[in-house]
Amino acid sequence: MLQILFATSNRDKEKILSHLFEDILGENTFVSRSLRDFPRTVEPEETWSIVDRAEIKCRSYHEQIRDFHGYIVGSDDGIEVCGYEAMTPASHETTDRILDLVYPIGTKITIHRAIALLETDNGKIYTCVTQLPFRFIGNPENIIRTKWVFPLSWVLTPPWSESLYGDLSEQENRTYIFRHSEKQMWNMKHFIEDSISRKNIFP
């Protein structure tokens, strides 16, 4: 069975990533682990683009956890405020500007997510970027940024819905994310399949 290490200690992010891989590989096809299983690891410095960050996480934890064999998944998010700010790595400053109503209600906001997949046996890596579109509906509840919580869930809504993103059911959320990630994730599945084929030909 495949071994996949999700390079995060955030349970929500781990769940999102795990669901994406279940959607392309099938349920019960891999054993999932996270950084909570490796408490001695040190988080790498976050610099450069979201693609660079996702790949750096994979390579850093590969170096730190030498006894793990399988695939390491790293991810990093960026925020684009359409018409106001080009996509930049997600930051406290951008989140605070959204929550502080710097941008008008109805502004389109896109969450860009880089997902990197590293094969530990040979260090090869495949990276893709997905995009989730949202609409800003204001902040009537005066939501503020807090650690380990995604506050934008309570001020953004998918374009097709009037419901807050945070109010979507787990299945609605899973379906929405996969709909906007499907092509990229199928390419990632092909990377895994090619990796397995190589191992079978050259054990």
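The model is predicted: local features need pLDDT of at least 70, side-chain atom pairs count only at pLDDT 80 or more, and totals for chains, interfaces and linings use all residues. Numbering starts from 1 along each chain as its sequence is written, and side-chain values use heavy atoms, with hydrogens and water left out.

**Stop 1: helix 1 and helix 4**

Select residues 11–25 and 170–179. These are helix 1 and helix 4, packed at an angle of about 70 degrees with axes 10 Å apart. Helices (H or I, at least four residues) and strands (E, at least two) are DSSP runs, numbered from the N terminus. Axes are lines fitted to C-alpha atoms, for helices over the stretch in contact, and angles run from 0 to 180 degrees between N-to-C directions. The pair is therefore roughly perpendicular (65 to 115 degrees). The crossing is right-handed, meaning that the near helix is turned clockwise from the far one by less than a right angle.

Now show side chains. From helix 1, Lys15, Ile16, His19, Leu20, Glu22, Asp23 and Ile24 meet Glu170, Arg174, Ile177 and Phe178 of helix 4. Five residues of this contact are nonpolar, one is polar and five are charged. Ala, Val, Leu, Ile, Met, Phe, Trp, Tyr, Cys and Pro count as nonpolar, Asp, Glu, Lys and Arg as charged, the others, Gly among them, as polar.

**Stop 2: helix 2**

Select residues 50–64. Helix 2 has 15 residues and should span 21 Å at 1.5 Å a residue; its end C-alpha atoms are 21 Å apart, which agrees. The expected span is 1.5 Å times one less than the number of residues. Colour Ile50, Arg53, Ala54, Lys57, Cys58, Ser60, Tyr61 and His62: these are buried. Buried means under 20% relative accessible area, exposed over 50%, partly exposed in between (1.4 Å probe, protein chains only). They pack against strand 3 (71–81), strand 4 (85–89), strand 5 (108–119) and strand 6 (125–136).

**Stop 3: valine 31**

Go to strand 2 (residues 30–34), which holds valine 31. Valine 31 is partly exposed, at 33% relative accessible area. Beyond its neighbours within four places in sequence, it is in contact with Met1, Leu2, Gln3 and Ile4 (heavy atoms within 4.5 Å).

**Stop 4: two positive phi values**

Most residues other than glycine have a negative phi. Select asparagine 28, in the loop between helix 1 and strand 2. Its phi is positive, about 60 degrees. Asparagine 28 is exposed, at 68% relative accessibility.

Finish at leucine 101, between helix 3 (92–99) and strand 5. Its phi is about 65 degrees, also positive. Leucine 101 is partly exposed, at 48%.

Notes:
Parallel < 35°, antiparallel > 145°, perpendicular 65-115°, else oblique.
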